[in-house]
Amino acid sequence: DETQLPCYGLYNVNAQNGFSSCETEAGFSVDERLAEVEQKAAELEDKLQNEVAQQKMNIIASEMNQLWDDELNRIWSELEETLDTAAMEALRVEEREWIADKEEEIRKAGLEVEGGTMKPLVTNRKGAKLTKERVYELAEVLKENQK
């Protein structure tokens with residue numbers, strides 16, 4: 001439809017940051033989507049490595065964590081559509097355990113810099129790492145189920 005934009009974006013002028021989003025075309029494989037997420041994560045990692053202001057580093061780390069969390073939620077939705085009830089319930093139990101373990105690992109990582117300005121950077125990076133690992137685990141479940 002020529003009257004509708006394919007993407008949208010929000011930008012906070014004061015904070016000088018924002019995001020944009022586009023609907024992906026149907027037919028993208030899980031691997032193609034993961035490659036796209038990896039590309040975005042690499043871009044954020046480059047920004048993080050070149051940043052010197054702690055507040056901006058914390059924001060970039062939060063964006064990376066959100067990037068992987070968004071992909072985890074997308075894969076989870078696809079699993080809900082494709083797995084049978086029993087398999088999905090078993091996965092829910094496993095996911096609850098994974099979330100508790102992840103939160104504990106993040107808490108431990110934050111203790112190393114407790115009270116410091118680096119805490120959001122450290123905890124978001126740990127969250128992003130653990131969520132990325134889980135994304136790939138769930139992607140394998142999804143791919144196996146799609147065969």
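This is a predicted model: local features need pLDDT of at least 70, side-chain atom pairs count only at pLDDT 80 or more; totals for chains, interfaces and linings use all residues.
## Overall architecture

The protein contains four helices and two strands.

Of the 147 residues in the protein, 29% are buried. The exposed surface comes to about 9900 Å², and 50% of that area is supplied by carbon and sulfur atoms. Among contacts with a separation of 6 or more, 64% join residues 24 or more positions apart.

## The nonpolar core

The largest nonpolar core comprises 26 residues. Within this core, the residues with the most contacts are Trp68, Ile75, Leu79, Leu91 and Leu138. The elements that give two or more residues to the core are helix H1 (30-49), helix H2 (54-82), helix H3 (85-111) and helix H4 (119-146). The most is given by H2, which provides 10 residues.

When residues up to four places away in sequence are not counted, Leu91 touches Trp76, Leu79, Leu83, Arg134 and Leu138. Two of these partners, Leu79 and Leu138, are themselves listed with Leu91 among the core residues with the most contacts.

The structure holds one aromatic pair. Its members are Trp68 and Tyr136, whose ring centres are 6.2 Å apart. The angle between the ring planes is 45 degrees, and the pair is classed as tilted. Trp68 belongs to helix H2 and Tyr136 to helix H4, so the pair ties together parts that are 68 residues apart in sequence.

The two partners may also be described by their accessibility. Trp68 has a relative accessibility of 2% and therefore counts as buried, the limit for that class being under 20%. Tyr136, at 30%, counts as partly exposed.

Which residues does Glu95 contact beyond its neighbours within four places in sequence? Glu95 lies in helix H3 and is buried, with a relative accessible area of 7%. Its contacts, with those neighbours left aside, are Leu72, Trp76, Arg134 and Leu138. Of these, Trp76, Arg134 and Leu138 are also touched by Leu91.

Arg33 is found in helix H1. At 5% relative accessibility, Arg33 likewise counts as buried. Leaving aside neighbours within four places in sequence, Arg33 is in contact with Phe28, Glu71, Arg74, Ile75 and Glu78. One of these partners, Ile75, is listed among the residues with the most contacts inside the largest nonpolar core.

## The second largest pocket

The second largest pocket holds about 180 Å³ of space. Helices H1, H2 and H4 each supply at least two residues of its lining. The largest share comes from H4, which contributes five residues.

The lining consists of Glu38, Ala41, Glu45, Leu48, Ala61, Met64, Trp68, Asn124, Arg125, Ala128, Lys129 and Lys132.

Notes
Residues are numbered from 1 along each chain as its sequence is written. Side-chain values use heavy atoms; hydrogens and water are left out. Buried means under 20% relative accessible area, exposed over 50%, partly exposed in between (1.4 Å probe, protein chains only). Contact means heavy atoms within 4.5 Å. Accessible areas come from the Shrake-Rupley method with a 1.4 Å probe; for residues, only the protein chains shown count as cover. A nonpolar core is a set of buried Ala, Val, Leu, Ile, Met, Phe, Trp, Tyr and Cys residues joined through side-chain atoms within 4.5 Å. Rings of Phe, Tyr and Trp (its six-membered ring) pair if their centres lie within 6.5 Å; planes under 30 degrees apart count as stacked, over 60 as edge-to-face and the rest as tilted. On a 1 Å grid over the protein atoms alone, a cavity is a set of points where a 1.4 Å probe fits but cannot get out, and a pocket is an open set with protein on both sides within 12 Å along at least five of seven lines; lining residues have an atom within 4 Å of a point. Grid points are joined across faces, edges and corners, and a volume is the space filled by probe spheres set on the points.
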